Protein chains: 2
Amino acid sequence: MTAPLSRRGGGRAARVAARATALSEDQRPVRPGLIGGRYRPLTEAEVTRIHASALVALDEIGLSGAPASGVEILTGAGARLGEDGRLRFPPALVEDMLAKAARDITLPARDPRFDLDLSGQRVHYGTAGAAVHLVEIDGQTYRESTLQDLHDAARIAHQLDNIHFLQRPMVARDLTDNLELDLNTLYACCSGTTKQVGTSFSDPANVPDALDLLHMIAGGEAAWRARPFVSNSNCFVVPPMKFASESCETMEACIRGGMPVLLLSAGMSGATAPSTIAGAIVQSVAECLAGLVYVNAIAPGHPAIFGTWPFGLDLRTGAMCLGSGEQALLSAGCAQMHAHYGLPGGTAGGAADSKLPDMQAGWEQMCSNVLAGVAGANMVYEAAGMHASLLGFCHESLILGDDLIGQALRCVRGIEVDDMTLALDQMRAVCMGGPGHYLGTPETLDRMHRDHLYPRLGDRTSPRQWEEMDKPDLVAKATARKQEILATRSPARFDAATDKAIRARFPIHLPA
Amino acid sequence: MTAPLSRRGGGRAARVAARATALSEDQRPVRPGLIGGRYRPLTEAEVTRIHASALVALDEIGLSGAPASGVEILTGAGARLGEDGRLRFPPALVEDMLAKAARDITLPARDPRFDLDLSGQRVHYGTAGAAVHLVEIDGQTYRESTLQDLHDAARIAHQLDNIHFLQRPMVARDLTDNLELDLNTLYACCSGTTKQVGTSFSDPANVPDALDLLHMIAGGEAAWRARPFVSNSNCFVVPPMKFASESCETMEACIRGGMPVLLLSAGMSGATAPSTIAGAIVQSVAECLAGLVYVNAIAPGHPAIFGTWPFGLDLRTGAMCLGSGEQALLSAGCAQMHAHYGLPGGTAGGAADSKLPDMQAGWEQMCSNVLAGVAGANMVYEAAGMHASLLGFCHESLILGDDLIGQALRCVRGIEVDDMTLALDQMRAVCMGGPGHYLGTPETLDRMHRDHLYPRLGDRTSPRQWEEMDKPDLVAKATARKQEILATRSPARFDAATDKAIRARFPIHLPA
C-alpha cells in the first residue's frame with residue numbers, strides 16, 4: 001500500500017532535496033508556546049458558575065491553617081479571621097487581588113532561549129512531581145530514586161525539544177538531611193539543564209541557603225533577581241481548604257527572594273476534593289484564589305502560576321489515579337478557568353497509572369496531555385516520564401514522552417486556514433490537466449517540514465521494512481538514546497570557578 | 001502514598017457496599033452516543049470558508065470518472081457535464097441536496113440494543129479498514145489475514161462495550177474469488193456480532209447475492225428493509241476529485257436495495273489530497289458533497305454517512321501515516337464540518353503507525369480517538385485494533401482499544417455542572433466540622449460508579465501490588481481475554497434452519 005506512492009516518481013527527488021533544508025526555529029512544525037484554547041469543555045455560563053462558587057467557598061468556608069504571618073498578611077489585606085480559626089475572603093478582596101495579579105509573564109530560564117512566555121493561552125509541557133522510585137527498564141524494577149537519577153533526568157530533559165521546563169520530577173531518596181536534599185536537588189537540576197527549573201523546599205529555613213546557591217549560579221543576587229530561572233513549586237494548601245502552614249512560610253520567603261511561585265493546589269477528587277469534576281475544580285480554583293490573594297498581599301504583581309492540579313482517584317481503592325478520562329477533564333477544565341482569569345496557569349497532565357512505558361502508558365499520557373494542550377494550559381506539569389500514579393519516574397518514558405508531546409503540540413498548533421492552505425489553486429492545477437496527485441507540488445514541498453512533525457523514535461515503517469530491521473523495540477530505542485545523551489558532558493554545568501565555590505560552600509553530593 | 005487513604009476507614013465499608021450495586025444502562029459512566037462537540041479546531045468563519053471553498057471546487061473543478069448511470073442521474077439533477085468529461089455541480093444544486101439529505105438517522109443493528117443514534121453530535125466508535133495482515137502477538141508476526149481472523153474480530157468486538165459497530169477491519173486473504181469474499185465477509189461479520197456491520201463489495205455484480213444473504217439473515221426482504229443492519233462502506237471517489245466508476249455502480253445497487261451508505265472519501269494528504277490540513281478537508285468535503293448529491297438524486301433522504309476520511313502521509317517516504325497529530329486534526333476538523341451541515345458524519349481515528357500494541361500505539365490511538373470524539377464525530381472508524389498505518393489488525397489491540405476508547409468516551413461525556421456537582425454543600429459539610437475528606441460522603445458513594453470509569457485491563461495497582469502480582473503484562477492480559485471470548489459460542493450465530501439455508505445457497509467457508 002505504501003510502495004506505489006513512493007515509486008510515483010517526480011516528487012521523490014524534489015522531496016529528498018526539500019528534506020535537506022534546515023528549518024529556522026520559528027519554522028519548526030511545533031514549538032514551545034503554541035496557542036491552545038480551541039477545546040472548551042465548559043460553556044461560558046459554566047465557567048462563570050465555577051468562579052461564583054469559588055467565591056462563595058472563599059467567603060463562607062474559607063481556609064484554616066494559615067501561619068501567624070499569613071493571618072497578619074491576609075487580615076491586613078481584608079480577609080476575616082473567624083472564631084473557628086478560618087480565614088474568609090470577601091468577594092471584593094478576591095476581585096481586587098485578581099486585578100493586581102501578574103499576567104502575561106515570562107518565566108526566565110538560565111539560557112534565555114528557553115524562556116517561557118506564559119501570555120494568553122500559550123502552551124508548554126514539562127516534568128514535575130515527587131516520585132520516590134526510578135523505573136529501571138532493564139528488569140522492570142522500581143527502586144528508590146537517587147540524586148544521580150534526578151540529575152540524569154535533567155540532562156535528558158535538556159536535550160528534548162518538547163520538554164520545555166524541568167520541575168523536579170523525583171526525590172533524591174539517598175539524601176536524608178532535608179537541607180542537603182533541597183540544595184542538592186537545585187544543584188542536580190540546574191547543572192543538568194539550562195531550561196526553567198521548578199522545585200520545592202522541605203523547610204522554610206532552607207530558603208536562604210537555596211537563594212545563596214542560586215545567586216552563585218546566577219553570578220550575584222542582582223543577576224538572579226533580574227532573571228529568576230528557578231520557581232518554587234509550593235503546596236501552600238492541604239486540601240480541602242486548609243493552608244499548609246510551613247509551605248506558606250516557604251512561599252513568603254521565596255517571594256521576598258524574588259522567586260516566581262507555583263501556587264499548587266493538589267486535591268484528590270473523591271478524597272481531599274469533591275468527587276465530581278466540577279466540584280474538584282471549584283475547590284481547586286478557590287484554593288488557588290486564596291493563594292493569589294496571599295501572594296499579591298505580600299507583593300502585588302509578583303509572578304505566580306495559578307496551579308490548579310486536582311488529581312483523580314480510583315474510588316474503589318482510594319488510590320490516586322492519573323491516567324483516566326476524568327483526569328483529562330479535570331486538567332482541561334482548569335485550563336479553561338486560567339484563561340477565564342487571564343492568569344498564567346498550570347495543571348497536571350501526562351502521568352500514567354501504568355507501571356511501565358507500555359500501551360496503557362501511551363494512551364494515558366496522550367489523553368490528558370493533548371486535552372490540557374488544546375484547552376490552552378500555559379504549563380502542563382508531569383507531562384513526561386511519570387508512572388504508577390506519580391510514584392515512579394522512568395528515563396526511557398521521558399524520552400518517549402518527547403515524541404508523544406510533539407504530536408500533542410501539533411494538535412495545539414491546530415489548523416491554519418488561509419488561501420494557500422485551502423489549496424483551491426493547487427486542486428485546480430492538480431486535477432485539471434495536472435499530474436493527478438500532490439506529491440510534487442511546490443506547496444507540498446515548501447511545507448513538508450513546517451507542517452508535518454516526524455517522530456524521532458516512533459516507528460512509521462511498513463511491516464516489511466520493520467521485519468527487515470529486526471522489529472526494533474520502541475523502549476530499547478529510548479534506552480539507546482538515553483545512553484547517548486548521558487555519555488556526553490552536560491552543557492548546563494557551571495563554570496569551574498563557580499562550581500568550585502559552590503562545592504566549597506555547600507555539601508554537594510554529585511561528583512564534580 | 002495510596003495506602004493511607006484506603007486505611008482512612010469510614011468510607012471504605014460504604015464504598016465496598018456501593019461497589020456491589022449494579023448500574024442500569026443509562027447510569028453507566030460511558031455509553032454509545034455521548035454528545036461531543038466541545039472541541040472546535042476551526043472557528044465559525046473558518047468552517048464557512050471551507051464550505052465555500054468546497055462549493056467552488058465542485059462548481060469549477062468538479063469530478064471526472066462517473067459511470068454512465070451516474071452521469072445520467074447527476075446531469076438529470078442539475079450537474080453540468082463538461083467537454084473534459086468532468087461533472088460540475090452548481091452551488092444551488094449542492095445546497096438543494098443538502099436540504100434533502102437524511103439527518104438525525106438511526107443506523108439499525110441486528111439487535112436493537114446496538115442501534116446507533118446518529119443525531120446531533122452523538123459519538124460512536126468502531127472498527128473499519130481493509131488490513132491485509134493479522135498481527136500475531138505470539139512471535140510478533142504479520143501474516144496474511146483470514147476469514148476466521150475476521151470472524152474472530154467480530155466475535156471479540158461483540159463483547160466489548162466501547163466498540164459500537166463493526167465495519168469489516170480486515171480482508172479475508174484466504175478467499176480468492178471476489179463474490180465468495182464478499183458473501184463470506186458478510187457472513188463472518190454478521191455471525192460474529194449483532195452490532196451494526198459495515199462492509200464493501202468488490203463488484204457491483206455481487207450486490208444482489210449479498211442482499212439475498214441479508215434477506216435470509218433478516219427473515220425476508222421486508223424485515224431487512226425495515227431494519228437494514230449492514231451499511232455499505234463505499235469508496236465512491238478516487239481522490240482527487242474523481243468518481244470511482246464501479247464503486248458508484250455498487251452504491252446505486254445498495255441504495256436500491258435499501259442499504260445505508262457510507263460515502264467514503266479517503267484522500268491522502270500530500271498525495272491524493274492537498275498536503276495542508278485545511279486543503280485536505282476542503283477536498284474531502286467537496287467529494288462527499290458530490291456523493292451526497294448523487295445519493296439524494298437517486299433516493300432523496302436515503303441514509304448516508306458523510307464519510308470524510310482524509311488520511312495523513314509521511315512526506316519523507318510517501319507512506320501513509322495515521323498516528324500523527326496532523327491526522328487527529330484532519331479527523332477533528334472533519335467532525336466539525338459534519339456538525340456544520342447537521343449531517344450524520346464519520347471519520348477515521350485511532351489507527352496506529354506502530355506495528356505492535358506498544359506505547360507508541362497507545363499514544364497514537366488515543367490522540368485521534370479522543371480528539372475526534374470531543375469534536376463530536378458521529379462515527380469514529382478504525383478506532384481499535386489497527387496497526388502499521390492500516391496494514392495490520394491485531395485482536396489483542398482491539399481488546400485494549402476497548403479500554404482506551406472508554407477513557408476517550410469519558411472525555412466526550414465531559415464535565416457536568418449543576419448545584420450537586422459544584423458541591424458547595426459538600427465542601428461546607430466536609431470542611432466545617434466534618435471529617436475533612438470526601439471519601440465517605442453520600443455524594444461520593446452515590447456517584448462512584450456513574451461518574452468514574454474503571455479500566456478493565458488497564459493497571460492501577462501500586463508498584464508493590466504490581467510486584468506481588470508478578471508484574472502482569474498488559475498484552476498478555478488481552479490475549480487471555482481473547483481466548484476467553486473465543487472459547488464461547490458466538491451469541492450472534494444464526495438459528496440452525498437459517499444457517500442451513502444460507503449454507504445451501506452460498507459457499508460459506510466458515511465451519512458450521
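The model is predicted: local features need pLDDT of at least 70, side-chain atom pairs count only at pLDDT 80 or more, and totals for chains, interfaces and linings use all residues. Residues are numbered from 1 along each chain as its sequence is written, chains are lettered from A and ligands numbered from 1 in the order in which they are written, and side-chain values use heavy atoms, with hydrogens and water left out.

**Interface of chain A and chain B**

- The size of an interface is often given as the accessible area lost when the parts come together.
- Between chain B and chain A, the buried area is about 10800 Å², with carbon and sulfur atoms giving 67%; buried area is the accessible area (1.4 Å probe) that two parts lose on being put together, summed over both.
- Chain B contributes 123 residues to the contact and chain A contributes 123 residues, where contact means heavy atoms within 4.5 Å.
- There are 14 salt bridges between chain B and chain A, a salt bridge being a side-chain nitrogen of Lys or Arg within 4 Å of a carboxyl oxygen of Asp or Glu.
- Arg428(A) and Glu60(B) form a salt bridge in which the closest N and O atoms are 2.6 Å apart.
- Helix α13 (residues 359-374) of chain B supplies the largest share of the side of chain B that touches chain A, namely 10 residues. Helices (H or I, at least four residues) and strands (E, at least two) are DSSP runs, numbered from the N terminus.

**A sheet in chain A**

- Four strands of chain A form an open sheet in the order β8-β7-β19-β18, with mixed pairing; two strands pair if DSSP finds at least two bridges between them.
- β8 (141-144) and β18 (386-387) of chain A stand at the edges with a single partner strand each, so one side of each has no neighbour in the sheet.
- β18(A) runs antiparallel to β19 (residues 392-393) of chain A and is joined to that strand by 2 bridges. His387(A) has Gly392(A) in β19(A) as its bridge partner.

**Glu326(A)**

- Glu326(A) lies in helix α12 (residues 325-341) of chain A and is buried, at 6% relative accessibility. Buried means under 20% relative accessible area, exposed over 50%, and partly exposed in between (1.4 Å probe, protein chains only).
- Beyond its neighbours within four places in sequence, Glu326(A) contacts Ile277(A), Gln407(B), Arg410(B), Asp451(B), His452(B) and Leu453(B).

**Salt bridges**

- Over all chains, the count is 56 salt bridges.
- Asp451(A) pairs with Arg447(A) in a salt bridge, with the closest N and O atoms 2.7 Å apart; Asp451(A) is buried at 4%, and Arg447(A) is buried at 11%.
- Asp499(A) forms a salt bridge with Arg503(A), the closest N and O atoms being 2.8 Å apart. These residues are 4 residues apart in helix α20 (residues 496-505) of chain A, and are therefore separated by about one helical turn.
- Asp314(A), Arg316(A), Asp353(A) and Arg460(B) are linked in a network of salt bridges.
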